[in-house]
Amino acid sequence: MKLKILAVFCSILMLLEATSFAKTDSAVLAILEINNSLKDELQADHIKFLTDHIRTVIRKRLNPDEVQIMTRENTMVMLEQNNINPESCLTESQCEVDIGRNLGAGYIITSELIRFGKKLKLIMKLHNTENGGLIDSASGETEHIDTLETEFEKMAVKISGSLLYDITGNRAEIISSNEGTVTLLDNLKDVALYLNDQTTPYGP
C-alpha cells in the first residue's frame with residue numbers, strides 16, 4: 001500500500017512539474033478586438049474579420065514554441081467571466097496591461113480605429129504585462145475602408161517583429177536606401193519587404 005501511494009505521489013509531482021514548465025516555456029499573447037469608433041460604417045463582423053487577420057498574420061511570423069496566441073473564443077470568454085469591457089479603457093496603457101494580466105497573458109496587443117475627417121487612423125500597441133511596459137506601437141492611415149486589411153497587416157508585421165525581439169533578442173537589421181542592396185543579417189522565414197507600398201516576398 002505504501003509503495004502504491006508513493007508511486008501516485010511521484011506521478012502527481014512529475015505532472016505538476018511538467019505543467020509548470022509548459023506554462024513558462026512559451027509566452028502567451030492576447031489580441032483584443034479592434035476598438036471601433038466607426039460603428040456606423042463598420043459592423044461587428046468586419047471588426048472580427050480584421051482582428052482575426054491580425055491574429056493570423058502574427059501567428060505566421062512567430063514560432064508556436066515561443067509564443068502561444070490566445071484564440072478569439074478563449075479571450076472573449078475570459079473577458080466575460082472577469083466582467084471586463086476593453087472599450088472602456090483602451091486609451092489607458094495601465095488598463096490595457098491589467099486586462100492582459102487578468103487574461104493570464106504575458107503580452108497584449110490592442111488596436112484602435114478612428115476617423116479624422118476623410119482619413120481613417122489606425123493605432124496598434126504591444127504591452128508587456130509583466131513589467132507594464134509599452135514595447136512598441138504602430139500607426140497607419142487610409143481614406144478607404146477596403147484597404148484596412150492591408151494597413152493592419154503592415155502594422156501587425158512590425159509589432160510581431162518587436163514581440164519576437166522582446167522574447168528572444170533576435171532582430172534583423174534592415175538598411176534602406178534609394179539604391180543598393182538590402183541585407184538581412186538573420187536567417188528568416190516567411191519574410192516580406194514593404195517597398196513603395198508593394199509587398200516583395202523574401203526567402204533564401
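**Entry 1: the overall order**

Which pattern does the chain follow when read along the sequence? I read α-β-β-α-β-α-α-β-β-β-α-β-β. I counted five helices and eight strands in the chain. Helices (H or I, at least four residues) and strands (E, at least two) are DSSP runs, numbered from the N terminus.

I noted the ground rules next. Residues are numbered from 1 along each chain as its sequence is written, and side-chain values use heavy atoms, with hydrogens and water left out. This is a predicted model, where local features need pLDDT of at least 70, side-chain atom pairs count only at pLDDT 80 or more, and totals for chains, interfaces and linings use all residues.

**Entry 2: confidence**

I looked up pLDDT, the predictor's confidence in each residue, from 0 to 100. The chain has a mean of 76, and 68% of its residues reach 70 or more. Over residues 1-24 the pLDDT is below 50. Beyond near neighbours in sequence, that stretch has one contact in the model (contact means heavy atoms within 4.5 Å). Residues 172-183 also stay under 50. For residues 172-183 the model has nine contacts beyond four places in sequence. Where pLDDT is low, the predicted coordinates should not be read in detail.

**Entry 3: burial and contacts in the whole chain**

How many of the 204 residues count as buried? I found 34%. Buried means under 20% relative accessible area, exposed over 50%, and partly exposed in between (1.4 Å probe, protein chains only). I also checked contacts between residues at least 6 apart in sequence. Of these, 55% join residues at least 24 apart.

**Entry 4: strand E1**

I went to strand E1, residues 27-31. Four of its five residues are buried, so E1 is largely enclosed by the rest of the structure. Two strands pair if DSSP finds at least two bridges between them. Three bridges join E1 to strand E3 (residues 67-69), and the two run parallel. Here Ala27 has Val67 in E3 as its bridge partner. Three bridges also join E1 to E4, again parallel. For Ala30, the bridge partner in E4 is Ile108.

How do E4 and E5 run, parallel or antiparallel? They run antiparallel, and 10 bridges join E4 (residues 107-116) to E5. E4 and E5 form a hairpin with two residues between them. In the turn, Gly117 has a positive phi of about 65 degrees.

E5 covers residues 119-128. Seven of its 10 residues are buried, so E5 is largely enclosed by the rest of the structure. On to strand E6, residues 134-142: eight bridges join E5 to E6, and they run antiparallel. Met124 has Ala138 in E6 as its bridge partner. The hairpin of E5 and E6 has five residues between the strands. Gly132 takes a positive phi near 75 degrees there.

I placed Thr129 in the loop between E5 and E6. Is Thr129 buried or exposed? It counts as buried, because its relative accessibility is 5%. Leaving aside neighbours within four places in sequence, I listed contacts of Thr129, including Val97, Arg101, Tyr107 and Ile108.

I placed His144 in the loop between E6 and helix H5 (148-168). His144 counts as partly exposed, at 48% relative accessibility. His144 and Leu120 are 24 residues apart in sequence and 7.6 Å apart in space, C-alpha to C-alpha.

Gln81 is found in helix H3. It is exposed, with a relative accessible area of 60%. Gln81 and Leu103 are 22 residues apart in sequence. In space they are 10.0 Å apart, C-alpha to C-alpha.

**Entry 5: the second largest pocket**

I finished with the second largest pocket. Its volume is about 360 Å³. Of the 22 residues that line it, the closest to its centre are Glu33, Ile34, Ile47, Met76 and Glu87. A pocket is an open set of points on a 1 Å grid over the protein atoms alone, where a 1.4 Å probe fits, with protein on both sides within 12 Å along at least five of seven lines. Lining residues have an atom within 4 Å of a point. Grid points are joined across faces, edges and corners, and a volume is the space filled by probe spheres set on the points.

Which elements each supply at least two residues of the lining? I found strand E2 (35-36), helix H2 (44-61) and helix H3 (72-81). H2 gives the largest share, five residues.
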